[in-house]
Every structure is written in structure tokens, then in C-alpha cells.
Amino acid sequence: MQYTLSILVENQAGVLSKISGLFSRRGFNIDSLAVGVTADPGISRITIVANGDEYVVEQLEKQLNKVIPVIKVKRLTEGEFISRELILIKVHCAASKRSEIIKTAELMQAKIVDAAPSCVTVEYCETSSRVKTLIDMLKPYGIREIVRTGTIAIDRGNSAVSV
Amino acid sequence: MISGAEIMVKCLEAEGIKVIFGYPGATICPFYDKIYDSDIKHILVRQEQNAAHAASGYARCSGKPGVCVATSGPGATNLITGIATAYTDSIPMVAITGQVKSDLLGRDVFQEADITGACEPFVKHSYIVNKTEDLPRVFREAFHIASTGRKGPVLIDIPMDIQENEIEEFVYPEKVNIPGYKPTTKGHAIQIKRAVEAIKNSKRPLIVSGGGVLLSGVKPKFQKFADNTKIPVISTMMGIGVMPSDHEMYLGMLGTHGKRVANRALYEADLVIVCGARLGDRAVAAPHQMSENNTVIHIDIDPAEIGKNVKTEIPIVGDMKNVMNMLIEEIGDYQVPKLWQDTVKTWKKELFRIPPVFDGFVELRTLVSHLSAMLRSKAILVADVGQNQIWCANNFRIREGRFLTTGGMGTMGYSIPAAVGAKFARPTRDVVVVCGDGSFQMSMNELATISGNNLAIKIIIMRNHRLGMVRELQDNNYNKRHSATVLQGDPDFLKIAEAYGIDHAEANSNEEAEEIIKKMVKSDKPFILVCNVYPDTPSI
Ligand SMILES: Cc1ncc(C[n+]2csc(CCOP(=O)(O)OP(=O)(O)O)c2C)c(N)n1
Ligand SMILES: [Mg+2]
């Protein structure tokens, strides 16, 4: 089961290692992790996407809550949040394939942000499953490099993870 | 103007600290220079790990956080085992380490060690102080965190320049405000109602008590609850002492090294009330089996413990103190069904069996079971790790005193330094150590601390010339191949005692040993009694 945790932490040195350590020491892998400051500069948000069964997630939530600088932990409910990740893909691109690649990008509503004689760079900001689709579609042309962020996520509607 | 080092001392004074345990070095010298003028007593141990164990023994017997101090680098790394031991046993402790100057951090200079990094999995929280101004807040928070919620060690790492810098004035904050730290202390009223209902509906309820009951200082209330309801009690190793051993409804320690009747009670109970225990694998080897047979009510201050090892139907998060009050109130004059009470009373008769005696040796289980009667009722027994620990756990007839040992980590060498801390916390009580010949040699350097402070600690060494418990494991699981479990080259412990100026004697029979013990408890000086035990005595 994949799950997404939204964690508010005090913005101080060492918090990230405390949190990532909780996962690694218990033998759990993190699929993605994103950190950024919130509207309050003293508080940062960490968004973690990981895999595990119900027991594991519950344990992690409880253990995370025990970390002193962690202010709040919320598991986002499947289907009730919006998530995005940003990816930059450098695709091998012979002149003959250029228009095909541009069409693919257009179809997926991705942007071409850079071009060189033998490659283009595509920028895409979407859910991780759409990002995967785009990667699959561009793979046949030859991917030179991928750079992507961790997933960030926010509740739909009125609900919010705040202090 | 006031220096960081003076502030550190003032913070400790503000916390009411009377004794600290430590070992100096260059980067903590500014602090040591100031503690020299303070009324706080500094006890110089002989190795930093023992400063942490002493702080632990002090904390457990005084109910207040213990404090240990070390220098940077090797001093700090030596503390780690002691800190980790305190962490697994949830002992309130504040560990203070010196650190290299702030501008040298990260350059791998002389005696720099990333101690907060190294201790991360073993501390409740840690700080590196980077401004002298922060010291009062950090100390205030550290003591608060260590001694509230689920207790545990907090580490404060203080670079030398932070200790040297001066600021305008010292103000100790009255309040703490840590947004991410608000432990739940009051039990949920609805859960309490559900729990009481479950108890009233059960035929064979049982209480499993852990160290949490002792840590929350709720022992008298707890005993009242058990007495009034007649619910039988078993305990984990850390919970020994919550009930007097001879209480009619107390069935001893559970687990792989515990009492058969305790395990039997756990198996046959239809409702188990777990109080402040994590139920690790040594306590309940097959936790899934346990929850198949019975309904579980789990009371703990730490929500993360609930459902971790044992499936729980009724969780109650809160401080045992509050929860006990609520339970006593809610349960009224309910008493356990007569049939179950009678069953427990018959089992109770099997609790202490008399083991066979081997000529020319002290039978230690028998000696330990007679020990309590030779001591005053509030005596503190500190057991080390190994067979000696199991013998003590299962045979000491505790009355109003304490049984100290390391249940979570099982750290050899714990007993002697922990006894030092216990004696400072409770100078008028009998403090007795029981340790193995292996574990004695892990901290016998602390005989100097005992001798130097004339601490009337009585040490009973069980000499079997081997690492008994591991050897037993080899006998059972490794074809009796005794790899590295024979203690060759051991010194004459009596001569060691002599060298430290400590009174001593040796016993080869129970009569002899008891004779010596009766004499040694009367003296106000330390004493070492070496008991030769039959080497093949089993743990249980
Ligand atoms: C620091 C440490 N090292 C190793 C062990 C593993 N260990 C557990 S019991 C034991 C033997 C203890 O020997 P001794 O102190 O002589 O006690 P005995 O079992 O003989 O009573 C050992 C080595 C441990 N618990 N702690
Ligand atoms: Mg031994």
C-alpha cells in the first residue's frame, strides 16, 4: 500500500535526519521526500511517499509524532488530496523526430523548456502516475537524463494540515 | 556578565540537582571550573559509561532526572552505551557533553565526535547549543522532556566557546513551549469505562505490570487497585517491585526466563491489563498467541507502544497516575470471581521452589530468596546481567524496596555504577549488588568511586568462572561448544577488594554466606562477598 504523509516540523537543524532515520533504521524505504518552508518561516513541511502495510504506517505515524520537533503528522486520504511532482526530462531528439516529440509533449500538456541540436528538455508538473506515463511515452526516443522532485500534496476542499 | 559555564551550573541548580556523575576533559573544562565552586556534588567515576549508569540508578531511586557529564570525542562516545541503556529502560536523564569550538565543528579536529548524530537512535531528544543565550532555554526544555511523558535521556552537546562566552544576565525560563511536545497524560474517559466493563465481564482477568508503573510513581495506588479488586498481578523484569513478592495475588515475572506460573496465568487469563510495559520478545515470545487467547487492555503513556507488540482491544493512553485514579473510581467495589482467586492462590504455592544444593558451593537462588529478610524492608537490590540477574529476578523476595536491573538493553557492568547512583539518591537504605564474575569485571574500576566516597554498597559476586548465561545458550543450542565463555586469567577478587581497601570475604556454602551477609549489612562501609557457585546451575 502506498501512502502519503504530510508532516509539519520546527524548522531546525537535524530534523530531516531524525525523520529519515526513523524509516531507514526500521528497514522501510522512502519512495519520495520533499521539504519546504510553510507560510510560517519557523515551520517546514515534509511530504513523504512510502510503501507499507497498515501496521507499518501506523507505527511510523506514532514514531514520527514522538520526534520532538515534529508538530503534526497526517496521513492523507487516498482520493482526497491533490499531489504534484516536477520533472525535467532530457530526451534524445534527432531533427526527424522533433515534431513527433513536440506533439507528445503537447498531448500530455508538458512544456519544452530547452532545445539543442540533438536533444530537447521537457518540463512536466503532474501527479506521479501521469509523470510515469510521460516517461514511458518518451522512452522510445532515448532518455538522456531525468531530474525530478519528490511529491508534494495538499488536501482537497477546506481541510488543511496546519498548526 | 555571566559565562556559559556559569549558566550551565545555575541551570542545574535551578533544576534542584544535588549530585552529578562525570569525567572531565579539555572541552568541558570551563564547566568543571565552575562546578568546582558550586554546592552541587560532582562524583568522579572511572569511565564515562558508568557516569550514565550511575545517573540512571540515581534517577530510578530519586524519581528525578539523573545527570551525567563527559568531555567531547572519546568521553562522549564512552557515554553511548549508558545512554542507550537508559533509553530502552525509559530512565529520565540529562547527559551533558563538551564539544570542540563552534568554528571547528565538522573539521575533524582533535576529539571531535558527532555525538548528537551517534546518539540519535538512543535519545529522546538532543541539542547542539550554538548560542550562549540559548543555554537556559535548552536546559529547561531538556529537563522537561527527560522527566515527562515517556521518560528518557536527553543529550546536550555544548561547544567550548559557548561555555566560555559571556552574556548580560541569567534568567531561567519559567515555562517551556515546545509545539511538538504535548504528551497525553489523562486517560480517555470512554476508554476507562470500556476497560472497567471488560474487567467486570471477564472471568479470569490478569494485570501485567511493567517499569512504567514504577516510573510514574504510582506504586501505592497500583497496589490499592490490585488489593481491592483481587486481580492477580505478574510483572516484567522492569516491573519487579510493583508488588511485594509474597503478596497472595502476585505470581512473579513472566517471560522466557520468568516463572512458570506467571506464564501459565498469562496463558489462561481471558483478559490482560498491560500497565506500562512494552512486552518485548523476552517477556512474551509469541505475542500473537497471547492476543488470540485474551482481550488486551493496554495502558501506556507512549501511544507508540500500544499495538506495537501485542494486539490491543482497549488502548488507554495516559500517565499511570491519572489512569489508576480513574480506574479505582470507576471500578467501585468489584472483585475478581472467587474461582480465579483460588486458582491463583494454588499457583502461588508453586512460586518459590527450593533448588538442590551442591556441596562446597553457595546455592544462589536460595541465598537470594533469603537475602531480603536479612536486609531492611526498603532495601535496593541491583542485579547485573546474566544468570545472576535471572536468579535475582526470580528469587528476591522484594518488600518495600526496589529491584534495579537493565531489562531493555541487558548491559553487563550496569550493577555497580547503578548502585553508586542509587546510594547517592537513598543514602540511608541498604544497597546490595549481585553480579556475575564476568559483569563484575566490566565495571570493577568503579570500586574506586565506592571506596573514594565511602559508599556502604555491598557487592555479592557470583563466581562460576564463566559467562554463565551464554554458556548455557551454547549448551542448549550449539552442541556444548564453549566458544569464548570460559573466564581464564581472572584475578583473585578478594585481593582486588583488598587493593581498594574494601572489606571482603568468600563463601562456599549458604550457611557461610548468610553468616557473612548478616555481619556485612551492619557495617557502614562497602563490602565484597565472593560466592562460589556450582558452575552448571541452570538459569531457571
Ligand atoms: C555489554 C554486554 N556484552 C555482552 C553481553 C552478552 N551476555 C549476556 S549474559 C553474559 C554472561 C554474563 O556473565 P557473568 O557476568 O559472569 O554472569 P553469569 O551469567 O555467569 O551469572 C553475556 C556475555 C551483554 N549482555 N552485555
Ligand atoms: Mg559468571
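Trainee: B:Lys18, buried or exposed?
Mentor: B:Lys18 counts as exposed because its relative accessibility is 54%. Buried means under 20% relative accessible area, exposed over 50%, and partly exposed in between, with a 1.4 Å probe and protein chains only. The areas come from the Shrake-Rupley method with that 1.4 Å probe, and for residues only the protein chains shown count as cover.

Trainee: What sort of model is this?
Mentor: This is a predicted model, where local features need pLDDT of at least 70 and side-chain atom pairs count only at pLDDT 80 or more, while totals for chains, interfaces and linings use all residues. Residues are numbered from 1 along each chain as its sequence is written, chains are lettered from A and ligands numbered from 1 in the order in which they are written, and side-chain values use heavy atoms, leaving out hydrogens and water.

Trainee: Back to B:Lys18. Where does it lie?
Mentor: In chain B, B:Lys18 is in the loop between α1 (4–14) and β2 (19–22). Helices (H or I, at least four residues) and strands (E, at least two) are DSSP runs, numbered from the N terminus.

Trainee: Which residues form the positive surface patch with B:Lys18?
Mentor: B:Lys64, B:Lys378 and B:Arg426 form it together with B:Lys18. Patch residues have over 30% relative accessible area and no salt bridge; like charges are joined within 9 Å, nonpolar side chains (Val, Leu, Ile, Met, Phe, Trp, Tyr) within 5 Å. Lys and Arg count as positive, Asp and Glu as negative, with His and the chain ends not counted. Each charge is placed at NZ of Lys, CZ of Arg, CG of Asp or CD of Glu.

Trainee: How many salt bridges over all chains?
Mentor: The search of the whole structure finds 29. A salt bridge needs a side-chain nitrogen of Lys or Arg within 4 Å of a carboxyl oxygen of Asp or Glu. One of them joins A:Arg148 to A:Glu85, with the closest N and O atoms 2.6 Å apart. That pair links distant parts of the chain, 63 residues apart: A:Arg148 is in strand β8 (residues 143–148) of chain A and A:Glu85 in strand β5 (residues 81–92) of chain A.

Trainee: And A:Glu85, buried or exposed?
Mentor: A:Glu85 is buried, at a relative accessible area of 5%, whereas A:Arg148 is partly exposed at 43%.

Trainee: What about B:Arg137 and B:Glu141?
Mentor: Their side chains meet in a salt bridge of 3.2 Å, N to O. Both sit in helix α6 (residues 135–147) of chain B, four residues apart, about one turn of the helix. B:Arg137 is partly exposed at 38% relative accessibility, and B:Glu141 is buried at 9% relative accessible area.

Trainee: Aromatics next. How many pairs over all chains?
Mentor: Eight aromatic pairs. B:Phe170 and B:Tyr172 have ring centres 6.0 Å apart and planes at 25°, so that pair is stacked. Rings of Phe, Tyr and Trp (its six-membered ring) pair if their centres lie within 6.5 Å; planes under 30 degrees apart count as stacked, over 60 as edge-to-face and the rest as tilted. B:Phe170 is partly exposed at 22% relative accessible area, while B:Tyr172 counts as buried at 19% relative accessibility.

Trainee: Which residues form an aromatic cluster?
Mentor: B:Phe21, B:Tyr58 and B:Phe424 form one. B:Phe424 is among the buried residues of α17(B), a helix (residues 415–425) with 11 of its 11 residues buried.

Trainee: And what is the secondary structure of chain A?
Mentor: Four helices and nine strands. Of the 163 residues in chain A, 40% are buried.
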